[in-house]
Amino acid sequence: MRLPRSGAGWTIAVFGLLALLLGALGLIWPETQLRLLGFEVPAGRAPGDYTGTFLTASSMASFNMGVYYLLAVATEWRPFYRFTVWFRLVTFTVFTIAVLSDVAPGRFFGVAAWEGLGALATAAGLWWDARRATAGPSGPAGSGDSVPVPTSDAAR
């Protein structure tokens, strides 16, 4: 796997790796995942309590999403980067509302903050990459930076 080739790519790679690892954590040690999110871990579950089922499904989704994000980084799929900014902001909004309306515990706001800050970081990375691409090479030819900068933020 290649390292990210842009600022936005690095933000997507970090999120993808963490999504993959946290998804794996939820699949392997679900109680640890629940504690990290601020949820209670009772000694036993009542009949009809599908917490484990839901956690397995959401952990698998997180694991898969991590793979998708890392694939996007490997191919420098910039339209996907832009798409994530908007939907991570939507996720921030939904999760924040869940905390404010007492649907989720207060510690769950950390997940919302992670989504919101990640969206802003990727947006900043896209802006920075576009600015670097329009500025052209700074300094004499061959003066160090051999990593190609994306030429534009347009869809390929």
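Predicted model: local features only at pLDDT ≥ 70, side-chain atom pairs only at ≥ 80, totals over all residues.
**Exercise 1. Surface and burial**

Solution. Turning to the interior, buried residues make up 30% of the 156 residues.

**Exercise 2. Fold outline**

Task: Give the order of the elements from the N terminus on, and the share of contacts that join residues at least 24 apart.

Solution. Begin with the count: the protein has five helices and zero strands. Read from the N terminus, the order is therefore α-α-α-α-α. Next, take the contacts between residues at least 6 apart in sequence: 71% of them join residues at least 24 apart.

**Exercise 3. Helix 3**

Task: Compare the span of helix 3 with the expected value, then find which helices its buried residues pack against.

Solution. Helix 3 covers residues 51-75, which is 25 residues. From first C-alpha to last it reaches 36 Å, close to the 36 Å expected at 1.5 Å a residue.

The buried positions in helix 3 are Leu 55, Ser 59, Ser 62, Gly 66, Tyr 69, Leu 70, Ala 72 and Val 73. For the spacing, recall that an α-helix has 3.6 residues a turn, so residues three or four places apart point the same way.

The partners of these buried residues are helix 1 (7-28), helix 2 (30-36) and helix 4 (78-100). Just after helix 3, Glu 76 takes a positive phi of about 50°.

**Exercise 4. Salt bridges**

Task: Count the salt bridges, and decide whether Arg 78 is buried or exposed.

Solution. With a cut-off of 4 Å between side-chain nitrogen and carboxyl oxygen, the count comes to four.

Step one: Arg 45 and Asp 49 form a salt bridge, at 3.1 Å from N to O. Arg 45 is partly exposed, with a relative accessible area of 39%, and Asp 49 is also partly exposed, at 31%.

Step two: Arg 78 pairs with Glu 76, their closest N and O atoms being 2.8 Å apart. Buried means under 20% relative accessible area. Arg 78 has 3%, so Arg 78 is buried; Glu 76, at 3%, counts as buried too.

Step three: Asp 129 meets Arg 78 in a further salt bridge, at 3.3 Å from N to O. This pair links distant parts of the chain, since Asp 129 lies in helix 5 (residues 109-135) and Arg 78 in helix 4, 51 residues apart. Both of these residues are buried.

Step four: through shared partners, salt bridges join Glu 76, Arg 78 and Asp 129 into one network.

Definitions and conventions: Residues numbered from 1 in each chain as written. Heavy atoms only, no water. Helix = DSSP H or I, 4+ residues; strand = E, 2+ residues; numbered from the N terminus. Buried < 20%, exposed > 50% of the residue type's maximum accessible area, 1.4 Å probe, protein only. Contact = heavy atoms within 4.5 Å. Expected span 1.5 Å × (residues − 1).
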